[in-house]
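Hi there,

Here is the two-chain structure I promised to pass on.

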Amino acid sequence: MKKIIAIIRNEKVEETKSALRKIDVKGITFLHVTGRGLQKGMIPSRRLPAGGCPPYIGRHPLLRQDDVPVSAHLTNRPTENERKPGFLPKRMLIIVANDSDVKPIIGVLIATNRTGCHGDGKIFVCPMISAIRVRNGEQGDSALV
Amino acid sequence: MKMIWAIIRPEYSQKVIDALEKIGISAMTRLHATGHGAEMGITAGLVNYSEIPKEMLMLVLSDIDAAHAVKIISTTAKTWQKENSGHGAVGDGKIFVTYVEDAYTIRTAECRGTGADPPGKTGNTV
């Protein structure tokens, strides 16, 4: 049993949900998180691909006063003031799956969320010892189905 | 590779983030959480507050970096109090460390860890 933690763009959530439904993924947990990667929450202007990055929509309610507004990252040349590191709103998906289902799930997650821009997110796979269904106390693999 | 879940006081989170950045660890995820520890929250008179707001930081690091990060978090998130000669206070938080087998970067479909290349890497959409 494995736990898959994926951190993806907010605007890709619906697409990811329907894609995962197609390969029959039963349970997903969604979390609103803020975070940053090695770019410290900034999109380096030089590395933008020819097609440009998908637009970010509005300001996230979870962003705080000290966070950089999302619109600051839309400009290719941010001013010095805007270039301070910030936390960007993301969605965290937690999926617990059998070992054999991990590869296809990761394949779908990458295929739907890959835009080629920085900030596409990360997927982590962690070992999971057991799962328990609260309703009837079922344990192990049968608790997942 | 290790995953660190650190539950810390919200007012200390910026301090911890700055301290981690100073040693070169800038990638992390932050989420709000509420909870209580072994002390069952705070009881003021007849009222018990069991859901105390906390901040959760999630970091995935190499084994060596993880050891450094744990040290930095545990020293920075600690409240210093004169009365207990700097031993911290109840509610300073917890740090949990778990294993991570694979870490994929979605942008490049690269995998770091024990797993082989994911199916998306060669362009096929599974």
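**What I found**

Strand 4 (122–127) of chain A pairs with strand 7 (residues 102–105) of chain B in the antiparallel sense, over four bridges. Strands count as paired if DSSP finds at least two bridges between them; strands (E, at least two residues) and helices (H or I, at least four) are DSSP runs, numbered from the N terminus.

Two words on the source before going on. This is a predicted model, and local features need pLDDT of at least 70, side-chain atom pairs count only at pLDDT 80 or more, and totals for chains, interfaces and linings use all residues. Residues are numbered from 1 along each chain as its sequence is written, with chains lettered from A and ligands numbered from 1 in the order in which they are written.

**The two chains**

Chain A has two helices and four strands, in the order β-α-β-β-α-β from the N terminus. Chain B has two helices and eight strands, which run β-α-β-β-β-β-α-β-β-β. For chain B the buried share is 23% of 126 residues.

Contacts here are residue pairs whose C-beta atoms, placed from the backbone, lie within 7 Å. Among contacts with a separation of 6 or more, residues 24 or more positions apart account for 80% in chain A and 59% in chain B.

**Where the chains meet**

The contact takes 32 residues from chain A and 25 residues from chain B. On the chain A side, the elements giving two or more residues are strand 2 (29–36), helix 2 (99–113) and strand 4. Helix 2 of chain A has the largest share, with eight residues. By type, that side of chain A divides into 18 nonpolar, eight polar and six charged residues; Ala, Val, Leu, Ile, Met, Phe, Trp, Tyr, Cys and Pro count as nonpolar, Asp, Glu, Lys and Arg as charged, and the others, Gly among them, as polar.

Which residue in strand 7 of chain B is the bridge partner of A:Ile123? That partner is B:Tyr104. Leaving out residues up to four places away in sequence, A:Ile123 touches A:Ile4, A:Ala6, A:Ile106, A:Leu109, B:Tyr104 and B:Ile106.

**The core and helix 2 of chain A**

The largest nonpolar core has 40 residues, and those touching the most other members are A:Ile4, A:Ala6, A:Ile105, A:Ile106, A:Ile123, A:Phe124 and B:Leu59. A nonpolar core is a set of buried Ala, Val, Leu, Ile, Met, Phe, Trp, Tyr and Cys residues joined through C-beta atoms within 7 Å. Helix 2 of chain A gives the largest share of this core, six residues.

Buried residues of helix 2 of chain A include A:Val102, A:Ile105, A:Ile106 and A:Leu109. What covers its buried residues includes strand 1, helix 1, strand 3 (88–97) and strand 4 of chain A, together with strand 7 of chain B.

**Two positive phi values**

A:Asp24 has a positive phi near 65° without being a glycine. Most residues other than glycine have a negative phi. A:Asp24 sits in the loop between helix 1 (13–22) and strand 2 of chain A, and counts as exposed because it has 8 C-beta neighbours inside 10 Å. B:Met40, not a glycine either, has a positive phi of about 60°. It lies in the loop between strand 2 (28–35) and strand 3 (42–44) of chain B and is exposed, with 10 other C-beta atoms within 10 Å.

**Confidence**

The mean pLDDT (the predictor's confidence in each residue, from 0 to 100) of chain A is 78, and 69% of its residues reach 70 or more.

Best wishes

Definitions and conventions: A residue is buried if 20 or more other C-beta atoms lie within 10 Å of its own, exposed if 12 or fewer, and partly exposed in between; C-beta atoms are placed from the backbone. Two residues are in contact if their C-beta atoms, placed from the backbone, lie within 7 Å.
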